[in-house]
Amino acid sequence: MNSNQREIIQQAQDFARAVHGEDSSGHDWWHIQRVTRIARILAYLEGANSYLCELSAYLHDIADEKLNESKEAGYKRVQKWLMQTGVEASDQELVLEIISTMSFSGGSGRPMRTLEGQIVQDADRLDAIGAIGVARSFAYSGWKGQSMYDPAIPLRTQMTREEYRKGQSTVINHFYEKLLKLKNLLNTESAKLLANGKHQEVELFLRAFDKEWAMGNEAYLHESPIHRGHVSRIHIAFDDSTAGSLRIMLRSKPGEMVVTLGDNLMVGPLVKDQDFSRSFAARNDWFQARYSASDADEKKSMLLESAVDWLIWPQQLMEWPCVIWTGNAASEQLGLRRLLSLIPDHPNAVLLNATSILHRLNPNVSYRGTFEMGPDSLQNVLDNTEHVRLSLQEQASYREDWQRLLNEDGTFRVLQRDVLVTVPESYYDDEILKAAYRIEARNGFYKKSARIVGEVIGHGELAVSDSFIEYRVRHLIQQGAFNYTGELDAMRNYSVSLVDPSTPEEQWSNEQRLAKSMKVKMLLEEMMEIHLAERGIMEQLSQMDVAELNLPVSKTETESPVSDIQSHIDGLMITYKTHIEQRGSMMDSLVKILSRLDNADPNE
């Protein structure tokens, strides 16, 4: 860029600042500056004429018909300035061509002929999306007097230039009518790459807006910017993992939407929807009293978000066909029962137990819940299952079972042989102690609490939260079954080791007695495994006919190798008989000790 061109650029900058300095429509001086900066970057990346790109960028909105009496008036204004400033005639022509072709025009604008024009148009469109693009849209619509969103104003899918400029719309409609289309209308490869993240920000904003509209409007499914007018079926999941897989599976089916009703009801007091306020407070208090500080704060937010979903969704589900996704996990089965208590006698609800269906299709495959399944597995369930509606009798049975669980008034529930059972909070304590023994958190060796928690969940029901297991680890510490080092504020910050109580037996706490009992159980299990493995080996040795091996005899050997091997086997059989008697006696003693320890445990 020569000195004369730099002077012209400076004058263009001053001209644009004077015109746009007081603008409140989103086409202010800062917008002009951003577009020019982006155009300069794209010009370097794409090998375009930087001077023409910058000059056109500074002037592009001076001629915009939105900011002038007419498109022609804006065009003449720029033309006059170019001539007065002394811009070369050929450059004037290119600049005027660019600024006259910039507009989106409802998607009907003609394409840019030059690379410089493509770059300036891309720069302008990049500033229309992303976080700043969202803010500019609201600024412009407010300046124009448009409403934020009105479900009664339909989206315009096809528009003439005149309809785009003067037709009725809203800010949110504008996102769908223009901004979400811009990513696919960009010219240069550099701009297309830069647009990806900005486009996603617009989509995230719209999803957030839609979610908040759902909370504030009872007729949400009829009014939703995303879903209005084309919901055909609703899929219901009871955790975020399942919901995410379902959304991926249903990407090609825009009429089918996914609703998540979270909150793992396996743990804590159940919410009684007929007495919601008091029971929800009791549930929250239970977690706050037991979970570590960091987990309790996170759980409080999750409980509130889930409570809102449970309050706003059931009343809307009665109007649409529903597919309820569950598996053989307590958390999902509990969610199913609560939901059916809130949508009594739904006329078109289908239940898909994905874990049972997949196991029936392939007996070698076993899942603990739908949360373990990917989109392909869920699609397999959907495609290979007859969708039979839940009868009114079946729905009533699930409601009765939910009422039973409410009446039991427990704080922990598991699934045993397809039946939901209320159990003590100590249900997993024995597994926690076994896990500590397996990973050798004993005899003065300490292991991270997080390692033990992971070991328990890996061997148990995946739906039980790590926070609950960690709460039980801290409970076992408090009751003397574990020693610990570190800080108990979070599971990653402390380690534990099994206690070997040195106090007299009559002074042991129940948890210490449980730890002692567990140690005996583990020793007995390990000894039994050795016993069975060794017995199998000895049976095979006793049946072996060494003579059939036909082993050759070397000239240096004084005795046949067959005889040598047979004599060793015979000797081993003699000693093994004594050894097995001693081991059997030892295992009997361990069983007696275990019986004594177990009988001394108080019931919880």
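Two strands pair if DSSP finds at least two bridges between them. Helices (H or I, at least four residues) and strands (E, at least two) are DSSP runs, numbered from the N terminus. This report describes a predicted model, in which local features need pLDDT of at least 70 and side-chain atom pairs count only at pLDDT 80 or more, while totals for chains, interfaces and linings use all residues. Residues are numbered from 1 along each chain as its sequence is written, and side-chain values use heavy atoms, with hydrogens and water left out.

**The sheet**

Strands E1 and E3 run parallel and are joined by three bridges. Ile234 has Cys322 in E3 as its bridge partner. Both strands belong to an open sheet of four strands with parallel pairing, in the order E2-E1-E3-E4. At its edges lie E2 and E4, each of which pairs on one side only. From one strand to the next, the twist averages 25°.

| Strand | Residues |
|---|---|
| E1 | 233–237 |
| E2 | 256–260 |
| E3 | 322–326 |
| E4 | 349–353 |

Helix H16 (residues 330–342) packs on this sheet and touches E1, E3 and E4, where contact means heavy atoms within 4.5 Å. The direction of H16 makes about 150° with that of E3; such angles run from 0 to 180 degrees between N-to-C directions, and axes are lines fitted to C-alpha atoms, for helices over the stretch in contact.

**A helix pair**

Helices H20 (residues 429–438) and H22 (residues 466–478) pack at about 80°, their axes 10 Å apart. The contact involves Asp429, Ile432 and Leu433 of H20, together with Ile469, Arg472, Val473, His475 and Leu476 of H22.
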